[in-house]
Amino acid sequence: MDTRVATTEDAHVMEELKWVPSTVDVTRPSVARMYDYYLGGSHNFEADRAAAKQVEQIFPGVAQSAQANRSFLRRVVRHLMTEGVDQFLDLGSGIPTVGNVHEIAQHDNPDARVVYVDFEPVAVSHSNALLADNPNANAILADLRATSTVLAGARETLDFSRPVGVLVIAALHFVPDTDSPYEAIAQYMADLPSGSYLAITHATWDTLSEQELAEAREVAKIYSNSDNKLTMRTHAEVTRFFEGMEVLEPGVVAVNDWRPDSFDDAHVGIYGAVGRKP
């Protein structure tokens, strides 16, 4: 055995563990850390990479889909800023990577406020380390389904008397119907004033061919061994999250078809939409 290589690998592992809360099980794949891997991030572990690589073998376009999803987020934040919204509640925010909500919003308005929410300790720990010198942004360790806890924490940073942009990006397909996702989203929007916005992206099997559907089911099996299982929803089911809201054009569409700033003809099985509370 090459002891030099072993020493290098051990040092890398120890460096990784510095930013990991002691309660985190690094041997169990995390959807947040797998997503970080797809986006080219470095805050993931061997178990996450192994699971993500299994997904890539079945569905080689998963990283491209993740990047399209991230691009949608950037376009939405920029659009809402032009509409005068300078406060954001990012539910299921994941691990910070380049192009975070606060970076986009505060580039144009340093006073823009952002609250990130995630139940993944690594995501929250790293977010708060990143935001240590940023008085207008912070992260809360909570499950988006715990609406009362999240709203109470968010009020410490956000002004609920003014419009807020609620961002639920690639999170709701990890919330089964038995956990009342529609009721949770309705509760968030009920607590916010008129002029607030809701942006959602959600994975779907609607447009898949028979072969792609078979591949997608194999991917779902991999996620079943992670900290969250997949719950795919149809166009109608995703649209239901926006009941009582004014859905912005072009409606509920593939994320790369929502007001694109570049041409991309690749198929992305993720719906994206933005609604305004009247």
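Me: Buried means under 20% relative accessible area, exposed means over 50%, and partly exposed lies in between (1.4 Å probe, protein chains only). What am I looking at?

Reply: This is a predicted model, where local features need pLDDT of at least 70, side-chain atom pairs count only at pLDDT 80 or more, and totals for chains, interfaces and linings use all residues. Residues are numbered from 1 along each chain as its sequence is written, and side-chain values use heavy atoms, with hydrogens and water left out. Of the 278 residues, 53% count as buried. The secondary structure comes to ten helices and eight strands, taken as DSSP runs (helices H or I, at least four residues; strands E, at least two) numbered from the N terminus.

Me: How many aromatic pairs are there?

Reply: Two. Rings of Phe, Tyr and Trp (its six-membered ring) pair if their centres lie within 6.5 Å; planes under 30 degrees apart are stacked, over 60 edge-to-face, the rest tilted.

Me: Why is the pair of phenylalanine 72 and tryptophan 258 called edge-to-face?

Reply: The centres are 5.4 Å apart and the planes stand at 70 degrees, so the pair is edge-to-face. Phenylalanine 72 is in helix H4 (residues 62-82), and tryptophan 258 is in the loop between strands E7 (253-254) and E8 (270-276), 186 residues apart.

Me: What makes phenylalanine 72 count as buried?

Reply: Its relative accessible area is 0%, so phenylalanine 72 is buried. Tryptophan 258 is buried too, at 1%.

Me: What makes the pair of tyrosine 182 and phenylalanine 241 stacked?

Reply: The rings lie 4.2 Å centre to centre, with 25 degrees between the planes. That angle is under 30 degrees, so the label is stacked. Tyrosine 182 lies in helix H8 (residues 181-190) and phenylalanine 241 in the loop between helix H10 (235-239) and strand E6 (246-247), so the pair ties together parts 59 residues apart in sequence. Both tyrosine 182 and phenylalanine 241 are buried.

Me: Which residue lies over the face of tyrosine 182?

Reply: Arginine 240, at 3.8 Å from the ring centre. The rule asks for NZ of Lys or CZ of Arg within 6 Å of the ring centre and within 35 degrees of the ring normal.
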